[in-house]
Amino acid sequence: MTCVVLHRAALGALPYGPWLAGAELVVVADRPAEFEATEAHCVASFATAAAELAVLEVAARRQLTAVIALHPDDQIRAGSLRDHLGLPGQTRDEAVVGADAIRAARLLGAAGVPVVPRAPAATIPDLYRAAHTWGYPLVVRRRRGPRRPVLAELTDEGALRAFARGGVAEGDTAATAGLTVEPAPTGPRHHGPGNPVTDAALAVLPATPGHPLEVEAVRDAQGTWRVDTVRYTGRTADARDLVRAQAAPEPAYRHSVEVV
């Protein structure tokens with residue numbers, strides 16, 4: 001078994017070698033570090049396609065059996081590599097569900113799970129359409145990522161105009177392509193299982209070994225619980241179990257997810 005690991009220094013020093021004893025291990029990292037590995041490569045521009053190219057270079061020389069990635073920012077790229085190399089484990093489409101707020105909402109909504117209404121905010125007119133549909137207040141967030149902090153609170157049209165004057169021009173899709181707009185949440189929140197809506201969401205979402213997902217719901221003004229966020233929640237405290245699960249995914253858990 002030959003496993004390649006995408007490692008970020010932010011994860012700390014993790015003993016991949018002892019955790020995967022008996023396997024050949026290749027580590028592709030963003031910083032120089034000591035690893036108990038067959039090979040270790042430092043990729044300075046890790047956030048670019050250079051990391052993927054490093055993995056493909058290894059795959060040209062070795063028969064890889066698994067791609068392992070713990071950091072939230074590497075879930076989609078690891079899934080893409082598995083798809084490209086024909087390896088088992090989480091696919092790109094499955095990874096997108098845990099990283100992209102719009103994709104998760106579409107998947108759950110299609111299954112009948114109540115979700116917080118939100119829309120891509122690719123242009124300033126998208127914000128005006130949201131205001132016309134839902135009224136104020138609105139919030140603008142990042143579309144992808146394990147945490148989606150509020151970038152702007154649009155309490156009225158004046159706040160929307162001020163946000164637009166901050167450097168986002170009408171039609172400037174490059175500046176806003178990664179944003180969403182949605183009504184500002186005001187009700188109580190619920191994390192994890194134990195709520196009918198979060199339980200329903202967890203039953204629909206892909207359950208791939210080594211890639212745990214967390215669901216958070218919020219209750220709207222009408223008293224309806226709605227799924228607000230879906231995110232990958234791999235924690236360093238669980239790193240050993242996550243690494244081992246990704247190195248040898250169980251076929252019984254594998255299923256495809258169509259993401260539109």
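Me: Which residues lie nearest the centre of the largest cavity?
Reply: In this predicted model, local features need pLDDT of at least 70 and side-chain atom pairs count only at pLDDT 80 or more, while totals for chains, interfaces and linings use all residues. Residues are numbered from 1 along each chain as its sequence is written, and side-chain values use heavy atoms, with hydrogens and water left out. A cavity here is a set of points on a 1 Å grid over the protein atoms alone where a 1.4 Å probe fits but cannot get out, and its lining residues have an atom within 4 Å of a point. The largest cavity has 17 lining residues, and those nearest its centre are Ala101, Arg118, Asp228, Thr229 and Val230.

Me: Which element gives the largest share of that lining?
Reply: Two elements give two or more residues to the lining of the largest cavity: α5 (101-110) and β11. Helices (H or I, at least four residues) and strands (E, at least two) are DSSP runs, numbered from the N terminus. The largest share, five residues, comes from β11.

Me: How much space lies in the largest cavity?
Reply: Searching the whole structure gives one cavity of 30 Å³ or more. A volume is the space filled by probe spheres set on the grid points, which are joined across faces, edges and corners. For the largest cavity, that space is about 120 Å³.

Me: How many residues of the lining are charged?
Reply: Asp, Glu, Lys and Arg count as charged; Ala, Val, Leu, Ile, Met, Phe, Trp, Tyr, Cys and Pro as nonpolar; and the others, Gly among them, as polar. The lining of the largest cavity has nine nonpolar and two polar residues, and the charged ones number six.

Me: With which residue does Asp228 form a salt bridge?
Reply: A salt bridge is a side-chain nitrogen of Lys or Arg within 4 Å of a carboxyl oxygen of Asp or Glu. For Asp228, the closest N and O atoms of the pair are 2.1 Å apart, and the partner is Arg189. The pair links distant parts of the chain, 39 residues apart: Asp228 is in strand β11, and in strand β9 (residues 189-191) sits Arg189.

Me: Is Arg231 buried or exposed?
Reply: Buried means under 20% relative accessible area, exposed over 50%, and partly exposed in between (1.4 Å probe, protein chains only). Arg231 is found in strand β11 (residues 225-232). Its relative accessibility is 7%, so Arg231 counts as buried.

Me: Which strand holds Glu216, the salt-bridge partner of Arg231?
Reply: The side chains of Arg231 and Glu216 meet in a salt bridge of 3.5 Å, N to O. Arg231 lies in strand β11, so this pair ties together parts that are 15 residues apart in sequence, and Glu216 lies in strand β10 (residues 213-219).

Me: Which residues are linked with Arg231 in a network of salt bridges?
Reply: The structure holds 20 salt bridges. Besides Arg231, the network links Arg118, Arg141, Glu182, Arg189, Glu214, Glu216 and Asp228.

Me: Where does Arg61 lie, the residue that pairs with Glu39?
Reply: Glu39 and Arg61 form a salt bridge, with the closest N and O atoms 2.9 Å apart. Glu39 lies in strand β3 (residues 39-42), so the pair ties together parts 22 residues apart in sequence, and Arg61 lies in helix α2 (residues 50-61).

Methods. On a 1 Å grid over the protein atoms alone, a cavity is a set of points where a 1.4 Å probe fits but cannot get out, and a pocket is an open set with protein on both sides within 12 Å along at least five of seven lines; lining residues have an atom within 4 Å of a point.
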